[in-house]
Amino acid sequence: MGRGTAIGRVRGLGSAKHGAHHWWRQRLTSASNFFLMGWFMLSLARLPALDYAGVHAWLGSMWVAVPLVLLVISVFYHFRLGLQVVIEDYQHDESRTVLMILLNFFAVGMGAIAIFSILKIAFTATTGAAA
Amino acid sequence: MASRPINRPLSPHLQIWRWGPHMLVSILHRATGTAMALGGTVGLVWWLAAQAAGPEAYATWLWFFRELAGGAIGYVVAIGLSWAFFQHMSTGVRHWILDVGAGYELKTNKTGAMATMVVSVVLTAVFWAYILGVK
C-alpha cells in the first residue's frame with residue numbers, strides 16, 4: 001500500500017464488496033413498486049369518490065391496508081435511494097452530507113406518518129371488514 | 001498525503017451535445033422521480049394523515065385539492081403526478097431492458113426512448129378517461 005497519491009493508497013485493497021448493494025436495492029424496489037403502484041393506480045381509478053367515509057371504509061380493509069403499508073416501504077426506500085444519486089451528482093462539498101441527513105429524516109419521518117396513519121385507520125375501522 | 005485539487009479538463013456536458021430522445025427521457029426519469037418523491041409524497045402522506053385524524057382534517061385536504069381555485073390545484077397536481085408516474089414507470093421498464101444489455105443499437109435505443117413518452121401519455125389519457133367517464 002502506497003502513502004503518496006490517492007490511487008496509491010487504495011491500490012491492492014480489493015473491492016469493499018458493497019458496490020452493487022445500492023444498484024440492486026434500487027432494481028428490487030423498482031419491481032415491487034411496479035406491482036404495488038399498479039394496484040394502487042387501479043384502486044384509485046376505481047374508487048367511487050374521494051369522500052371521507054368512502055375512503056375511510058376502503059382504507060379500513062385489510063386487503064388495502066397491508067399492500068398500502070408495503071407500498072409505502074417499497075416506494076419510500078426507492079425514492080431515498082434515487083434522491084441519494086441526485087444529491088451525489090450535483091452536490092460536491094459539505095452540503096452533500098447535510099442534504100443526505102435531511103433526505104434520511106424526510107424519508108423515514110414521512111414513511112412513519114404514512115404507516116401509522118394507515119394502521120390507525122385499519123385498527124379502528126368498524127365497517128372496513130365488509131368493504 | 002493530503003489529496004490535491006485536480007484541475008483536469010471536464011467532459012462536454014448538456015449544452016454541447018445535440019439533444020435526442022434518449023437524453024430527454026433520461027432527464028425526465030430523474031425529474032419525474034424527484035417530483036414524485038418530494039411533491040407526491042407530501043400529498044399522499046397528507047391524504048393518509050388527514051384520513052387518520054378525522055373528517056375535519058380530511059375536509060381541509062379536500063378543500064385544498066377540490067375547491068381552492070375551483071379545484072384547479074387538484075387536477076393539475078393529480079394529472080401531473082399520474083403522468084409523472086407513468087413516465088417514470090415506462091422509463092423504469094426501459095432501464096430493466098438496458099440493464100440486461102439489450103437495446104443499445106442507435107435505432108432501437110431511440111425507438112425505445114420515444115416509446116416511453118408515447119406510453120406515458122396514452123396511459124395518462126386512459127387513466128383519466130376512465131375516472132372522468134365513470135363518474
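This is a predicted model: local features need pLDDT of at least 70, side-chain atom pairs count only at pLDDT 80 or more; totals for chains, interfaces and linings use all residues.
How many residues does the contact take from chain B and from chain A?

View 1. The contact, which means heavy atoms within 4.5 Å, takes 34 residues from chain B and 41 residues from chain A. Between them the two chains bury about 3,200 Å², with 72% of it on carbon and sulfur atoms; buried area is the accessible area (1.4 Å probe) that two parts lose on being put together, summed over both. Of the area that chain B buries against chain A, 19% is supplied by B:Arg30, B:Leu48 and B:Gln51, more than any other three residues. The count of salt bridges between chain B and chain A is two, a salt bridge being a side-chain nitrogen of Lys or Arg within 4 Å of a carboxyl oxygen of Asp or Glu. A salt bridge also joins the side chains of B:Asp99 and A:Arg27, at 2.7 Å from N to O.

In this model, local features need pLDDT of at least 70 and side-chain atom pairs count only at pLDDT 80 or more, whereas totals for chains, interfaces and linings use all residues. Residues are numbered from 1 along each chain as its sequence is written, chains are lettered from A and ligands numbered from 1 in the order in which they are written, and side-chain values use heavy atoms, with hydrogens and water left out.

View 2. B:Trp128 is buried, because its relative accessible area is 13% and buried means under 20%, with exposed over 50% and partly exposed in between (1.4 Å probe, protein chains only). Leaving aside neighbours within four places in sequence, B:Trp128 is in contact with B:Tyr75, B:Ala78, B:Ile79, B:Ser82 and B:Gly133. B:Ser82 is 46 residues away from B:Trp128 in sequence, while their C-alpha atoms are 9.0 Å apart in space.

**View 3. A nonpolar surface patch that includes A:Val66.** Together with A:Met62, A:Trp63, A:Leu70 and A:Ile73, A:Val66 forms a patch with about 560 Å² of accessible area. Patches are made of residues with over 30% relative accessible area and no salt bridge, like charges being joined within 9 Å and nonpolar side chains (Val, Leu, Ile, Met, Phe, Trp, Tyr) within 5 Å; accessible areas come from the Shrake-Rupley method with a 1.4 Å probe, and for residues only the protein chains shown count as cover. A:Val66 is placed in helix H4 (residues 62-90) of chain A and is partly exposed, with a relative accessible area of 44%.

How values were computed. Helices (H or I, at least four residues) and strands (E, at least two) are DSSP runs, numbered from the N terminus.
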